[in-house]
Amino acid sequence: MTARLRLALICAVGLALAAPAASAASQEIPKTPPAAQQAPSDDVLAPRNARSGRDIYADFRAGLADPSCPTGGSPRWKQHFANAPRRMASANDDVLPLFGYVVDAVREAHLPTEYALIPFVESGYRAGARSPSGPAGLWQFIGTTARNHDVPMRTGYDGRLSPVDSTRAAVRYLKTLHGMFAGDWRLAVMAYNAGEYRVLGSLRRAGQNARNAKPETLPGLSPITHAYVQKLRALSCLLEQADDREEWMRSLDRPVAHLDAQVLPASVKSLDAFAKMRGLDAAQLRRFNPAFEGGRVTPRKDITLRVLAPVPVDDGARVAIDAPAKPAAESTPSPVAGRASAAAGP
């Protein structure tokens, strides 16, 4: 064999051996490119202390115990609450950021989001709502109920008007009722309206228990208590059916202030001062926190005061409920969630 022939044979064998390796390499799954080479995600462009109204709505829908609306809901109560979707769609109303705050609280407690509809029934989702008969706030607590659930009430501060204090108390109570009635949200809201012992007594008289109950058949309860379930179903149906209206969904596709409970520094003497410190809209902050009479803050050594305000813009992390406020230099103005509507609520 000549040297030239031997060299050609060696090259041919080498190419044959290398071919499978090259083929295998061509089938490898490409590695994820470095972060700098990847297309930026949409949420990077959104303000850190805001979220889309569609995200709030999606969280609400995801947490429903009964997401379908087979019967269409009560026509009477759907008509009564027909304004609720319009108010959520309006950028000039505070209902959507407040609704988002309550949905967060309910979901964090692992409860159905039907409970987040209760303030629509009680107060039309107005933090400063007062009834001539005495109840006040989002959840319309009377004074006795508020004190029984550790909602602070004192001169210059009515915790029933605090979305932070009242929502914490309401969710804690609903969690108790939810467990007491075997996770049936219908019985729980009837008990929220009438009292748990009345509902328990009605179940006994009907020969039912929480696991096999037919709430609409329970005897001895007022029409108002029976209607409570119908009202929440009607509201849920209104929002579920609004999902089919593209214009309504587009109206939710806007930045909405992401509200959270924040500790007031001891040095702060007014809501306006806190707003200036954090670069917030002072009028909006007062609307979210009507518990502070005249916007004045009277510090107490034995009580930690909290306000409901947009999540601070810091490193993008959600600020813990007990975290101290950041200095003004570290914050930037937050988006205005909307002004309270002057029209009558649902």
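Reader: What should I know before I read on?
Author: This is a predicted model: local features need pLDDT of at least 70, side-chain atom pairs count only at pLDDT 80 or more, and totals for chains, interfaces and linings use all residues. Residues are numbered from 1 along each chain as its sequence is written, and side-chain values use heavy atoms, with hydrogens and water left out.

Reader: Okay. What percentage of the residues count as buried?
Author: 46% of the 346 residues in the protein chain. Buried means under 20% relative accessible area, exposed means over 50%, and partly exposed is in between (1.4 Å probe, protein chains only).

Reader: And how many helices and strands are there?
Author: The protein chain has 14 helices and 6 strands. Both are DSSP runs, numbered from the N terminus: helices are H or I with at least four residues, strands are E with at least two.

Reader: What share of the contacts link residues 24 or more positions apart?
Author: They account for 70% of the contacts with a separation of 6 or more in the protein chain. Contact means heavy atoms within 4.5 Å.

Reader: New topic. How many disulfides does the structure hold?
Author: The structure holds 1 disulfide. The partners are Cys69 and Cys237, with sulfur atoms 1.7 Å apart. The cut-off for a disulfide is a pair of cysteine sulfur atoms within 2.5 Å.

Reader: Where do Cys69 and Cys237 lie?
Author: Cys69 is in the loop between helix H2 (53–62) and helix H3 (75–80), while Cys237 is in helix H11 (residues 223–242), so the pair ties together parts 168 residues apart in sequence.

Reader: Is the disulfide right-handed or left-handed?
Author: Right-handed, because the torsion about the S-S bond of Cys69 and Cys237 is about 100°.

Reader: Is Cys237 buried or exposed?
Author: Cys237 is buried, at 5% relative accessible area. Cys69 is buried too, at 17%.

Reader: What about Pro75, buried or exposed?
Author: Pro75 counts as exposed, with 64% relative accessibility. Pro75 is part of helix H3.

Reader: Now rings. How many aromatic pairs are there?
Author: The count is 9 aromatic pairs. One of them joins Trp77 and Phe81: 6.3 Å centre to centre, with 35° between the planes, a tilted pair. The rule takes rings of Phe, Tyr and Trp (its six-membered ring) with centres within 6.5 Å; planes under 30 degrees apart are stacked, over 60 edge-to-face, and the rest tilted.

Reader: Are Trp77 and Phe81 buried or exposed?
Author: Trp77 counts as buried at 9% relative accessibility. Phe81 is buried at 1%.

Reader: What sits over the ring of Trp77?
Author: The charged end of Lys231, 4.6 Å from the ring centre. For that label, NZ of Lys or CZ of Arg must be within 6 Å of the ring centre and within 35 degrees of the ring normal.

Reader: Which residues form an aromatic cluster?
Author: Phe60, Phe99, Phe120 and Tyr125 form one. Tyr125 also has a positive phi, near 60°, and is not a glycine. Most residues other than glycine have a negative phi. Tyr125 sits in the loop between helix H6 (118–123) and helix H7 (143–148). Tyr125 is buried, at 1% relative accessible area.

Reader: Which residue after H8 has a positive phi?
Author: Ala182, with phi near 55°. Ala182 lies in the loop between H8 and helix H9 (185–194). Ala182 is partly exposed, at 36% relative accessible area.

Reader: Last one, His178. Which helix is that in?
Author: His178 is in helix H8 (residues 163–180). His178 counts as buried at 15% relative accessibility.

Reader: What is His178 in contact with, leaving aside neighbours within four places in sequence?
Author: Leu111, Pro112, Tyr115, Gly183, Asp184 and Ala188. The C-alpha atoms of His178 and Leu111 are separated by 7.8 Å, with the two residues 67 apart along the chain.
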